[in-house]
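Work through the exercises below with the sequence and the model open. Each task is followed by a solution in steps.

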Amino acid sequence: MSILGPAGGVDIYRHRRNQLMRGLDSGAAILFAGEEPPAHFGLLKFRQESHFYYLTGFNEPESAVVINPMADKPVTMFVRDVDPKRLVWDGFHYGLDGTKKYFGVDQVFSITELEKRLPDVLGGAEKIFYRMGEVPSRD
């Protein structure tokens, strides 16, 4: 058994995403990870956004998931690239390859490509479900 990947195993989260996809019908959902606390709040620890974690099991900031049952690859995640300089300060993170390998999603892109790739990832969706107002800079 691997210690990498989501707690409880990937099948739990895949099942939850499949349940959501049945409810989305011809729509797509976009969920963002929790915000990393500013560096000057050194005592605060990162806490993942509950809905994002429930569907992905992914516990890193600077991430998003798009669930689009109308797409050929219905589950797409956007995550941080592995930066060796950042690993010294932040510790391990999955990056693109690790996320694809351990979290049971169809495709993974860098979070820096979100704006560019979002129209293609949302292709075929008649509606988009997104929680407005949580992080105004994303709206």
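**Exercise 1. Is Ile 3 buried or exposed, and where does Ile 3 lie?**

Step 1. Ile 3 has a relative accessible area of 83% and is therefore exposed; buried means under 20%, exposed over 50%, and partly exposed in between, with a 1.4 Å probe and protein chains only.
Step 2. Ile 3 belongs to the segment before α1 (10-24). Helices are DSSP runs of H or I with at least four residues, strands are runs of E with at least two, and both are numbered from the N terminus.
Step 3. From the C-alpha atom of Ile 3 to that of Ser 137, 134 residues apart along the chain, the separation is 35 Å.

A note on the model: it is predicted, so local features need pLDDT of at least 70 and side-chain atom pairs count only at pLDDT 80 or more, while totals for chains, interfaces and linings use all residues. Residues are numbered from 1 along each chain as its sequence is written, and side-chain values use heavy atoms, with hydrogens and water left out.

**Exercise 2. Which residues does Thr 99 touch?**

Step 1. Locate Thr 99 in helix α4 (residues 95-102).
Step 2. Thr 99 counts as buried because its relative accessibility is 0%.
Step 3. Leaving out residues up to four places away in sequence, Thr 99 touches Phe 58, Met 77, Val 79, Tyr 94, Gly 104, Val 105 and Val 108. Contact means heavy atoms within 4.5 Å.

**Exercise 3. How many residues has the largest nonpolar core?**

Step 1. A nonpolar core is a set of buried Ala, Val, Leu, Ile, Met, Phe, Trp, Tyr and Cys residues joined through side-chain atoms within 4.5 Å.
Step 2. The largest one has 17 residues, and Phe 52 and Met 77 are among those with the most contacts inside it.
Step 3. α1, β1 (27-32), α2 (50-56), β2 (64-67) and β3 (75-79) each supply at least two of its residues.
Step 4. The largest share, 3 residues, comes from β3.
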